[in-house]
Amino acid sequence: MENLQTVNNFVAAYLKKKGFQDAEQFLEDLQNKDSTPIDFQNDPDLANFIQPFSRSEDDPSRYHEGYGKLRSWTFSLPDLYKRELVRVLYPFFIHSFMDLVAKGHVQEARTFFNTFHEDHEMIHLRDLQKLEGVVSQSHLEEMEFARSLRQRKVNVKICQYSYDLLLQYLRKTESTTMLAVINEHINFQVIPGQSSSIPDDAEVVSLIGDRQDVNQKEILWGLLEDSLEERLEKAGGLLSDSEKAEGETKEGDIDETKKRSVESGKQGASTKKLKKDKAVNATAKAARPEPTTASAAPRVNPELPLPIMPTEVEQSILEDLRKRVQLSSVPLPSVSFYTFVNTHNGLNCSSISHDGSLVAGGFSDSSLKVWDMAKLGQEAASSVLQNENDSSTSEHVMGPNGGKRSYTLFQGHSGPVYSATFSPLGDFILSSSADTTIRLWSTKLNANLVCYKGHNYPVWDVQFSPVGHFFASSSHDRTARIWSMDRIQPLRVMAGHLSDVDCVQWHANCNYIATGSSDKTVRMWDVQSGECVRIFIGHRSMILSLAVSPDGRHMASGDEDGTIMMWDLSSGRCVTPLMGHTSCVWTLAFSCEGSLLASGSADCTVKLWDVTTSTKVPRSEEKSGSANRLRSLKTLPTKSTPVYSLQFSKRNVLFAAGTLSKTV
């Protein structure tokens, strides 16, 4: 009799805890009418129903047993539904693990993790590596990644039939533990139709629960009012195609087959002026340039106080714009490649000024070196190249005018230099380092001007804004920051990524910045408010490079696996993936009119992509995943040189840089 009363009390307590007030009142009334307790033992159906609820909620075996049965059932399904439901196992796995940790069953949680984690390593390896370090309840609160998962529901896209199958199984087997995981941590987005209607991409299971709300915010993606391009267009200052082609030749005198070698610390390279082939000019004359996408972009007002441009600089830029060659799938750009040699694996990053006259390299020995291409050519016959055995020590001892060094040495950091960027005019250069600082250098004075401190961990990337003065940085501390040259403290701190912020890039109108992270997402931030206005999900590995189109409408992102994704900033959706690289995509650059995208990779190639084709995909092709939308115009291989940086000049000459690697 006491056992029956205990069961009655347990049922009443369970109903009260779950908020079933009507059922609780009915049970109480039933007991009051009949003093004889309900006999569960003589009713086998009722006993079987109540048995799962009578087990202690602190029993850790419920998770191992429930998930194990769900996993076995999923793998036994036909392939049509197994492919979709196997992906759904991941949120069940991570939340079962964290529930065990939260309830103090640390040893059982480790056993659970070690038993089932291999099922998810292929897609979620980096997330699993973070969760593997969770060994106590305090870690769930201290680790931002785990805390974010606990606070937000996981969005899962699933077809109607698969969703019905899953719920039918869980109810039939009375898997209350897995049902509780669904209620507390998973938000199913049920899509009508069969499993084939669900795309096979990383967006199917989204750990960022607030993505849809964020992506509904309005983005003003247009260009700035009264820009130089707009003024030139209104003035009708465009030259003919032949004059543009001649202007391109006059700017760089660069042939597509020419490369410049730069020795890190020793070697100066002589540059020979080569005339372009007449056939190239003929092609440029015959091709009628398409109207630029920038001219059709809406105009917006700047949210930041922009610096005033000197008149002589403005005139120089206008001259370059007049002589710009319109690129398309027929007239491809001339390419000048700067190769670092004898770096002894010490080069971490490179940067090229907007006119290609200066090239910088950041090194593991905490130094920043800048080469002037004009001086490099003049020193070709000097003693710099006469003694190939000069030690690096003697070169460092010599001053900038000593004649033995072909570069300008900037020293000040106390850790490896991970990023460098030139100002639009080339008179300043920024560098970021493992010492958590950012330094501003003058290329005119060859001196350090300011040391910016604010990040708590290594700073992976730093980028000047398109108008200069302002710059953005990204760090291991999972934040991005906005700075101005005249203030030593950051103006804005952008926090929200769940892991390292590996790269940062400005929008063309300077009102937004984009950040790429090891959490496999790209975010866009409003520089005025510091709020996240877009979250882009689709990559399967860490994002290493970003580029925004000149009209500000599209963005390209490259990841560790070699995948490039083109995004529409208005909708926050992927327009098309660009597949072709076999290794990390370290750098991306749009041509000045936005018709071409150049990508540089660790696979020692530069690829040129037709952006106008890729961004105008019919909806039928977009849904079917047709490969016809992917158009790689040309692949430019290097001789064992991974590509570190790309830069289009104002006249649409493509500059590239990398380090010669004998191990590739």
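**A buried histidine and its surroundings**

Start with H497. Leaving aside neighbours within four places in sequence, H497 is in contact with E144, R478, T515, S517, D519, T521, R523 and W525; contact means heavy atoms within 4.5 Å. This is a predicted model, so local features need pLDDT of at least 70, side-chain atom pairs count only at pLDDT 80 or more, and totals for chains, interfaces and linings use all residues. Numbering runs from 1 along each chain as its sequence is written, and side-chain values use heavy atoms, with hydrogens and water left out.

Where does H497 sit? In the loop between β19 (492–495) and β20 (501–506). Helices (H or I, at least four residues) and strands (E, at least two) are DSSP runs, numbered from the N terminus. H497 counts as buried because its relative accessibility is 1%. Buried is under 20% relative accessible area, exposed over 50%, partly exposed in between, with a 1.4 Å probe and protein chains only.

Now its side chain. Another goes to the side chain of D519, at 3.2 Å. A polar contact is a pair of N or O atoms within 3.5 Å; within protein, one must be able to donate a hydrogen and the other to accept it, and residues adjacent in sequence count only if both atoms are side-chain atoms.

T515 takes us to β21, residues 512–517. Six of the six residues are buried, so β21 is largely enclosed by the rest of the structure. Y512, A514 and G516 point one way; I513, T515 and S517 point the other.

β21 runs antiparallel to β20, with five bridges. Strands pair if DSSP finds at least two bridges between them. V504 has T515 as its bridge partner. On the other pairing, five bridges join β21 to β22 (521–526), again antiparallel. There, Y512 partners D526. The β21–β22 hairpin has three residues between the strands, and K520 in the turn has a positive phi of about 70°.

Last, confidence. pLDDT is the predictor's confidence in each residue, from 0 to 100. The chain mean is 76, and 73% of residues reach 70 or more. Over residues 238–291 pLDDT stays under 50, though the model has 116 contacts there beyond four places in sequence. Residues 381–403 are also below 50. Where pLDDT is low, the predicted coordinates should not be read in detail.
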